[in-house]
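Thank you all for making time this morning.

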Amino acid sequence: MKELIRKLVEAVGPSGYEGAVRDLVRSEISDSVGELRVDAMGNLIARKGQRQNGGLRIMLSAHMDEIGVMATHIDENGFVRFTTIGGVHPRTCFGGRVQFVNGTRGLIGGERTDAPDKIHSFEQLFIDVGASSRETCPVKVGDIAAFDRPMIDLGDRLISKAMDDRIACAVLIETLRAIKKSPHELFFVFSTQEEVGLRGATTAAYAIDPDLGISVDVTLSGDTPKGVKMEVALGKGPAIKVRDGGMLADPRVVRLMVASAEKAGLPYQLEVLEGGTTDARAIQMARAGVPSGCVSIPCRYVHSPSEMVDYRDVQQSVQLLTALLSGPIALE
């Protein structure tokens, strides 16, 4: 599974420009599904199986996009000023490397600050692509880039940009492959533009009109020195979302996930995230409403160029979803 993860996280796919990631996912799953289509928003939607014996129509969603930057101005010396795509923080930018969708690479520099320990504002940052003038700069206004980092394999711990949410794309791919028989009609959605407003999942959920919705995404961890205070840690199993900043998970779905984990003998954590949300919010609010929940993968340093997950949590997420989806489901 690690090689699949590497290919996914190292691909360039900021919000709205997920084509390279979509092609990767399509090549991995095309032989394992009954139907595969791309909708108007660029979501890749794979259908597997048919409803039988009281089965449900279930939508699972993991987003393909990643945070990034967009060029807003190129000065006379070829330096590129930029705005953000999604939740980019100035403190993680300076000295970072980026790759534009057109292949151009560069690094983020900054104007001299009043104090050496002062964090640059976005207005003080720029991208240096090695150009000497506006005319020789290979970047145009409106060009978009993602952070440029290779994956590092530390054994149980994996580090890369775009773990949010390519790691969940890998989980859905492996789950899709692992399920051999299910009474449910399963829709695996690899969604677009989550980082800028859950846009792909919103339209996909409207079209699918599921009976049950499950997103797979990363969540913060509370296991670093003086970090956020929450009962989620790397290496202690998938986190079952109870709430986040955008939704309250359906209690019936929480109980279903807990029961599935316990029956399968899998470790799990309960997640209460005070800020941020996932595709589950969009699914939950679709049409007349959908019972929804989320399987979260604990992640350190979210929305930085170096996000860290535990490989065991990733594998156990696949096992949890496979167990949950392979048998009958009663929401009670």
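Let me begin with the way helix α1 passes helix α2, which is a right-handed crossing, and please keep in mind throughout that this is a predicted model. Helix α1 covers residues 2-10 and helix α2 covers residues 19-29, and the two pack with their axes 9 Å apart and at an angle of about 155 degrees. An angle over 145 degrees counts as roughly antiparallel, and α1 and α2 are therefore described as roughly antiparallel to each other. If you look at which side chains take part, L4, K7 and L8 are the residues on the α1 side, and they meet V21, L24, V25 and E28 on the α2 side. By residue class, this contact of α1 with α2 is made up of five nonpolar residues and two charged ones, with no polar residue among them.

The second pair of helices is α5, residues 251-264, and α7, residues 311-325. How do the axes of α5 and α7 cross? They come within 9 Å of each other and cross at roughly 105 degrees, and α5 and α7 are therefore roughly perpendicular to each other. From α5 the residues in the contact are L256, M257, S260, A261 and A264, and from α7 they are L320, A323 and L324. Here the contact of α5 with α7 divides into seven nonpolar residues and one polar residue, with no charged residue.

Staying with α7 for a moment, I would point you to Q316, which has its place in that helix. Is Q316 buried or exposed? At 17% relative accessibility Q316 counts as buried, because the cut-off for buried is under 20%. If we set aside its neighbours within four places in sequence, Q316 is in contact with G237, P238, L266 and P267. As for E35, it is 281 residues from Q316 in sequence, and the two are 27 Å apart in space, C-alpha to C-alpha.

D164 and D165 are joined by a cis peptide bond, with omega at about 15 degrees, and D165 is found in helix α3, residues 163-178. In the loop between β11 and α3 we find A162, whose phi is near 65 degrees, a positive value in a residue other than glycine. A162 is also buried, with a relative accessible area of 5%. D209 counts as partly exposed, at 34% relative accessibility.

Finally, the cysteines. How many disulfides does a search of the whole structure find? The search finds zero. For C93, the closest cysteine sulfur is the one in C299, and at 17 Å from the sulfur of C93 that is too far for a bond. C294 is in no disulfide either, as the nearest cysteine sulfur, that of C169, is 13 Å away. Both C93 and C294 are buried, each with a relative accessible area of 0%.

That is where I will stop, and I am happy to go back to any of these places in the viewer.

Terms used
Residues are numbered from 1 along each chain as its sequence is written. This is a predicted model: local features need pLDDT of at least 70, side-chain atom pairs count only at pLDDT 80 or more; totals for chains, interfaces and linings use all residues. Side-chain values use heavy atoms; hydrogens and water are left out. A disulfide is a pair of cysteine sulfur atoms within 2.5 Å. Buried means under 20% relative accessible area, exposed over 50%, partly exposed in between (1.4 Å probe, protein chains only). Axes are lines fitted to C-alpha atoms, for helices over the stretch in contact, and angles run from 0 to 180 degrees between N-to-C directions. Helices (H or I, at least four residues) and strands (E, at least two) are DSSP runs, numbered from the N terminus. Angles under 35 degrees count as roughly parallel, over 145 as roughly antiparallel, 65 to 115 as roughly perpendicular and the rest as oblique. A crossing is left-handed if the near helix is turned anticlockwise from the far one by less than a right angle, and right-handed if clockwise. Contact means heavy atoms within 4.5 Å. Ala, Val, Leu, Ile, Met, Phe, Trp, Tyr, Cys and Pro count as nonpolar, Asp, Glu, Lys and Arg as charged, and the others, Gly among them, as polar.
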